[in-house]
Amino acid sequence: MIAPTPNRAIDGFLDRMDQLHSAPQVAQKILLLTRDSDFDVRTVAQCIESDPALSAKILRVANSSRYGLRHKVTSVRQAVAFIGQRSLRLIALTFGLVESMTRGARGKQYSEFWRRSLTIATVAAELAKLKKELNADEAYSAGLLADMGELIFAQLEPERFFSIVDQHPHGLELLKAEREEFGFAHPELGARLLQRWELPEELIEAVALHHVEGEETELLTVAVHAGDLMAHALWTPDNKYVAASQEFLAAEFGIDLDAYIALAVTCQREIDENAQMFGISLEGTIDCELLLEEARRTHNEASLEAALDLDSLTSAIEDTSV
């Protein structure tokens, strides 16, 4: 388990956020009330009902295609009983925290945050279906929270942060620029906040390491990192992330080219549905045809390279045997 190391600079930054923008009180109370698995459904439902917006979102989640209910859930109490402890805690915190944190973000960053977050969350949840050890709801929430540190930067240091964002693409280049400017980057900033909120350690690690390759120690972290790679590949399929995501998914989840394309098509549909569930309008579209073309090209190049490497190895062996 790799958890974010407490850092005075990060904690000082988060202290400023607490002064500027208090955490959602209802979300905090839900976390407190649902600490034990035998929590009182009635009390939690009453707490949620005190926030009409959150009540509507909980009902919308319970009735979404994600759960596939035959009959519509019409009361918060029904939704709470059905969703369960772990998913309820994560969903309540996700809606309460992420939506409150996106207030005030400029249009472009707001749109890009939701596009990336919904994609990472959707991919991670789909991959969780391939691993019985993973919970799809937990994977979804981890993906949705992965880039939350960006929202903190945007609220506290908008001019400095947007200047960095405008000059560096999302990924390792952005992390390097953030660390040069602030002394830390958005993954560890977001993870430290979740640590303060006493969320599960697996989720905290997934947020802290979602951009880091080669340091995945938990399946949840692996799924969220895969979602991060796919977020690049799905929205900008003409770049290196198509090959990187193919290779990573093949190694970690046994996904071949056909399964890769099937995953992309499924996620495209799920992302659109999830955006509607959140009431978010996403800019741009996922071009699965272009992704298929690029995926085939990179797959063929990798196959050719492997064949050439095999020929070279064969020749080397033959030379040594002469």
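## Basis of the model

Because the model is predicted, local features need pLDDT of at least 70 and side-chain atom pairs count only at pLDDT 80 or more, while totals for chains, interfaces and linings use all residues. Residues are numbered from 1 along each chain as its sequence is written, and side-chain values use heavy atoms, with hydrogens and water left out.

## Helices H10 and H11

Helix H10 (residues 158-167) and helix H11 (residues 172-182) have axes that come within 10 Å and cross at roughly 150°, helices being DSSP runs (H or I) of at least four residues, numbered from the N terminus. The axes are lines fitted to C-alpha atoms over the stretch in contact, with angles from 0 to 180 degrees between N-to-C directions. H10 and H11 are therefore roughly antiparallel to each other, a term for angles over 145 degrees.

Where the two helices meet, Arg 160, Phe 161, Ile 164 and Val 165 of H10 face Leu 174, Ala 177, Glu 178, Glu 181 and Phe 182 of H11, contact meaning heavy atoms within 4.5 Å.

## Helix H9

In helix H9 (residues 148-156), nine of the nine residues are buried, so this helix is largely enclosed by the rest of the structure; buried means under 20% relative accessible area, with a 1.4 Å probe and protein chains only. Among these buried residues are Glu 150, Phe 153 and Gln 155.

## Gln 246

Gln 246 belongs to helix H15 (residues 241-253) and is buried, with a relative accessible area of 11%. Leaving aside neighbours within four places in sequence, Gln 246 is in contact with Leu 257, Tyr 260, Ala 295, Thr 298 and His 299.

Conventions. Buried means under 20% relative accessible area, exposed over 50%, partly exposed in between (1.4 Å probe, protein chains only). Angles under 35 degrees count as roughly parallel, over 145 as roughly antiparallel, 65 to 115 as roughly perpendicular and the rest as oblique.
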